[in-house]
Amino acid sequence: GDLFEQVFGGGGGGGRGRRRPRKGRDLRTGLEIDLEEAYEGAQKQFSVERPEECEVCEGEGHPPEADAETCPQCQGRGQVTQVQQTPLGRVQQTTACPRCEGEGTLYSETCGECRGEGYVRNEATLTVEVPAGIQEGQTLRMEGEGAPSPEGGPHGDLLIDVSIREHEAFEREGDDLRYRLPISFPQATFGDTVEVPTLEGAAEFEIPTGTQSGETFRLEGKGMPRLRGRGQGDLFVKVQVVTPESLNEEQRDALEEFAEAGGDEIEVKEGFFEKIKRAF
């Protein structure tokens with residue numbers, strides 16, 4: 001065939017019934033979930049406004065009793081062809097007939113419910129399966145839940161962009177989680193066994209002797225499940241030594257003795273607690 005006809009959609013004569021019906025448009029919406037739901041997976045119900053086939057006219061755009069006649073502009077083909085003279089020669093361009101909008105038929109009435117469009121906007125309630133391990137910004141696809149085809153073809157799809165709410169305890173990095181653990185000076189000095197939260201319950205964590213503030217430890221397999229693989233990410237625990245905001249007299253004396261035993265000079269006027277705060 002003519003190259004220009006291929007480029008500009010020409011091809012001569014084929015009405016609506018001769019070409020493959022186009023798929024309806026894909027629609028897009030958003031869905032916000034909790035980190036716990038991203039960890040476990042969930043069934044989420046949500047509402048979306050979308051075009052749906054008009055029930056009154058069954059998507060035809062006109063009442064069943066409307067009179068029909070062949071479009072005189074395209075003679076029922078649903079397409080019109082224009083020939084233009086260009087510096088490259090004659091270019092034939094075929095487009096949908098503007099009078100019948102590609103139908104090839106004119107009707108005496110249009111549907112009062114959809115105003116001849118064949119579809120109306122309705123709010124639909126749907127349920128989607130959210131897989132465990134899904135990440136921020138990933139998209140779920142629900143096939144056939146998009147817009148109807150104007151040519152009687154299959155419906156489009158519904159694309160769901162997933163966002164995850166910030167968690168009060170954990171920060172997520174891919175399949176890993178991060179958690180800040182406040183500990184006391186004695187715990188950092190002598191070590192301790194404590195519990196840290198995970199998304200599947202509390203887990204024991206050993207604070208080593210002589211832990212420094214800001215050190216990070218890894219708990220293997222305590223992070224998020226991997227979406228397309230086996231196993232889970234890790235949980236990284238960053239410890240932070242917390243300085244007490246107030247000391248009783250016994251605690252103050254003990255810390256001053258500790259500092260003096262290490263060779264530190266103590267100025268009672270300033271106070272040992274204030275000195276420790278400045279050091280951190």
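Me: Which residues in the largest nonpolar core touch the most other members?
Reply: Of its 38 residues, those touching the most other members are Ile33, Phe46, Val128, Leu158, Ile160, Leu181 and Phe205. A nonpolar core here is a set of buried Ala, Val, Leu, Ile, Met, Phe, Trp, Tyr and Cys residues joined through side-chain atoms within 4.5 Å, where buried means under 20% relative accessible area, exposed over 50% and partly exposed in between, with a 1.4 Å probe and protein chains only.

Me: What should I keep in mind about the model?
Reply: The model is predicted, so local features need pLDDT of at least 70 and side-chain atom pairs count only at pLDDT 80 or more, while totals for chains, interfaces and linings use all residues. Residues are numbered from 1 along each chain as its sequence is written, and side-chain values use heavy atoms, with hydrogens and water left out.

Me: Back to leucine 181, what is it in contact with, leaving aside neighbours within four places in sequence?
Reply: Leucine 181 is in contact with Val194, Val196, Phe205, Val237, Lys238, Val239 and Gln240, contact meaning heavy atoms within 4.5 Å. Another core, of six residues, lies apart from the largest one, and its members include Cys74, Val80, Cys100 and Leu106.

Me: New topic: what order do the strands of the three-stranded open sheet have?
Reply: The order is E1-E9-E8, with mixed pairing, and the edge strands, each pairing on one side only, are E1 (27-33) and E8 (139-142). Strands are DSSP runs of E with at least two residues, helices are runs of H or I with at least four, both numbered from the N terminus, and two strands pair if DSSP finds at least two bridges between them.

Me: In which sense do E1 and E9 pair?
Reply: E1 and E9 (residues 158-164) pair in the parallel sense over seven bridges, and threonine 29 stands opposite isoleucine 160 in E9.

Me: And the loops, where is glutamate 58 found?
Reply: Glutamate 58 is found in the loop between strand E2 (42-53) and strand E3 (68-70), and has a positive phi of about 55° although it is not a glycine. Glutamate 58 is exposed, with a relative accessible area of 59%.

Me: What about phi of arginine 115?
Reply: Its phi is near 60°, again a positive value in a residue other than glycine. Arginine 115 has its place in the loop between strand E6 (105-107) and strand E7 (119-130), and counts as exposed at 74% relative accessibility.

Me: How many helices and strands does the protein chain have?
Reply: The protein chain comes to five helices and 15 strands, and buried residues make up 34% of its 280 residues.
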